[in-house]
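Please read this briefing alongside the sequence and the coordinates.

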Amino acid sequence: MIPFRNDHVGSFLRPANLTQAREQYKSGNITYEQLTAVEDNEIIRIIEKQKQNGIAAVTDGEFRRSWWHFDFLGGLDGVELFEEIAGLKFHNMVTRKGGIRIVGKVDFSTHPFIQHFEFLKKHAGDTVAKQTIPSPNMLLYRVEYNDEIYKDRESFLQDTITAYQKAIQAFYDAGCRYLQLDDTAWADLFSEAGHDKLRAKGWDPAEELKIMQRMINESLAHKPEDLVVTMHICRGNYKSNYFSTGGYDYASEVIFGGLNVDGLFLEFDDERSGGFEPLKYVNRKDLKVVLGLITSKSGELEDKERIKARIAEAATYVPLEQLCLSPQCGFSSTEEGNILTEEQQWRKLRFVKEIADEVWNS
């Protein structure tokens with residue numbers, strides 16, 4: 001059943017030879033075809049490593065991406081990647097430069113991610129192939145807007161929804177049956193500082209909450225019945241640092257009771273994420289809640305009994321059979337990666353499976 005009892009968010013630490021190949025390509029020392037060959041080999045390797053470590057749904061590790069979100073968004077019609085922009089301020093650091101901007105009407109026609117998924121599915125064999133893409137909310141809240149192209153926000157919202165409907169169908173047609181929407185925009189609603197940031201742009205947090213809900217639900221309005229769509233809600237993950245803090249409380253009724261997704265991957269790895277009380281708004285028996293109780297930000301293993309106790313606590317709000325376990329985020333949301341070793345990464349995922357087996361199969 002997707003999502004699985006032991007699952008993961010999707011990204012993996014980039015191997016040294018892949019990092020080197022990307023640098024060589026940027027500097028013009030190897031061709032795009034040579035870079036792709038390195039990516040292909042490393043993706044085949046990472047698929048097999050996932051299988052060996054007990055992962056039921058495999059990804060390509062996001063090995064063809066530099067950013068978890070901009071690479072997909074920049075491939076939409078009417079959107080482009082650019083670097084002439086300051087990095088995003090995280091706790092204790094600023095990211096490298098990079099962003100997206102509107103250069104035309106937003107749409108979806110062709111996209112390299114479709115071919116990337118087809119490669120993943122081919123080499124996944126009988127194992128479920130999971131595709132991750134940024135949520136439509138990421139385009140709304142992370143793009144450099146162009147009021148010459150979009151004189152009113154409503155037409156921008158509608159074009160984004162239409163583009164995502166087309167993208168979702170394209171992935172389905174390519175064989176995808178497990179799609180995950182990654183979304184950090186919700187975190188702007190989790191604290192007063194986030195609300196202030198929205199107000200500074202002239203937006204009312206209560207109205208933006210409705211818009212975020214609409215963007216998800218309308219994008220999924222025509223999804224095929226046998227396509228499972230989950231959403232990962234994140235507070236930032238860059239070189240083991242975070243972007244924002246705050247519990248789910250303000251948006252809890254919408255997130256847990258008002259989104260037409262099949263599962264939610266949620267950060268609960270430290271005090272920044274608040275408690276489990278908002279889970280009381282889960283009102284569907286078919287909604288899976290994946291508890292991100294294991295941190296991907298360090299290699300140190302958590303206390304197993306404490307993790308089990310926290311799962312039991314969450315089960316006082318949501319039935320245990322609707323719960324799953326995963327790391328709170330990927331291991332490498334950008335190509336820089338978090339501060340841990342590859343072996344620690346695999347040890348974390350084996351630890352997730354070990355706990356899940358003991359909790360749900362005992």
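At roughly what angle do the axes of helix 1 and helix 2 cross? In this predicted model, the axes of helix 1 (residues 16–26) and helix 2 (residues 32–52) cross at roughly 165 degrees and come within 9 Å. Because angles over 145 degrees count as roughly antiparallel, helix 1 is roughly antiparallel to helix 2.

**Helix 1 against helix 2**

- The crossing of helix 1 and helix 2 is left-handed.
- On the side of helix 1, the contact is formed by Asn17, Leu18, Ala21, Arg22 and Tyr25, which meet Tyr32, Leu35, Val38, Glu39 and Glu42 in helix 2.
- Sorted by class, the residues in this contact of helix 1 with helix 2 are six nonpolar, one polar and three charged.

**Helix 2 in its surroundings**

- Helix 2 has 21 residues and reaches 30 Å from its first C-alpha to its last, which is close to the 30 Å expected at 1.5 Å a residue.
- Just after helix 2, Gly54 takes a positive phi of about 80 degrees.

**Helix 8**

- Helix 8 (residues 205–219) has 15 residues, and the distance from its first C-alpha to its last is 21 Å, close to the 21 Å expected at 1.5 Å a residue.
- Within helix 8, the buried residues are Pro205, Glu208, Leu209, Ile211, Met212, Met215, Ile216, Asn217 and Ser219.
- These buried residues of helix 8 pack against several helices, namely helix 5 (136–142), helix 6, helix 7 (192–200) and helix 9 (252–257), and also against strand 9 (178–183) and strand 10 (228–233).

**Backbone geometry**

- Most residues other than glycine have a negative phi, and most peptide bonds are trans.
- Glu62, although it is not a glycine, has a positive phi of about 60 degrees, and this residue lies in the loop between strand 1 and helix 3 (70–73).
- Because its relative accessibility is 4%, Glu62 counts as buried.
- The peptide bond from Ile2 to Pro3 is cis, with omega near -10 degrees, and Pro3 is placed in the segment before helix 1.

**Arg65**

- Arg65 is found in the loop between strand 1 and helix 3, and it is buried, with a relative accessible area of 4%.
- Not counting residues up to four places away in sequence, Arg65 touches Arg14, Arg22, Asp71, Phe113, Gln131, Thr132 and Glu335.
- Between Arg65 and Asn361, which are 296 residues apart in sequence, the C-alpha to C-alpha distance is 36 Å.

**Asp159**

- Asp159 has its place in helix 6 (residues 153–173), where its relative accessibility of 24% makes it count as partly exposed.
- With neighbours within four places in sequence left aside, Asp159 is in contact with Lys105, Val106 and Tyr150.
- The C-alpha atoms of Asp159 and Val106 are separated by 5.7 Å, although these two residues are 53 residues apart along the chain.

How values were computed: Residues numbered from 1 in each chain as written. Predicted model: local features only at pLDDT ≥ 70, side-chain atom pairs only at ≥ 80, totals over all residues. Heavy atoms only, no water. Axes fitted to C-alpha atoms, helices over the stretch in contact; angles between N-to-C directions. Helix = DSSP H or I, 4+ residues; strand = E, 2+ residues; numbered from the N terminus. Parallel < 35°, antiparallel > 145°, perpendicular 65-115°, else oblique. Left-handed = near helix turned anticlockwise from the far one by under 90°. Contact = heavy atoms within 4.5 Å. Nonpolar A, V, L, I, M, F, W, Y, C, P; charged D, E, K, R; others polar. Buried < 20%, exposed > 50% of the residue type's maximum accessible area, 1.4 Å probe, protein only. Expected span 1.5 Å × (residues − 1).
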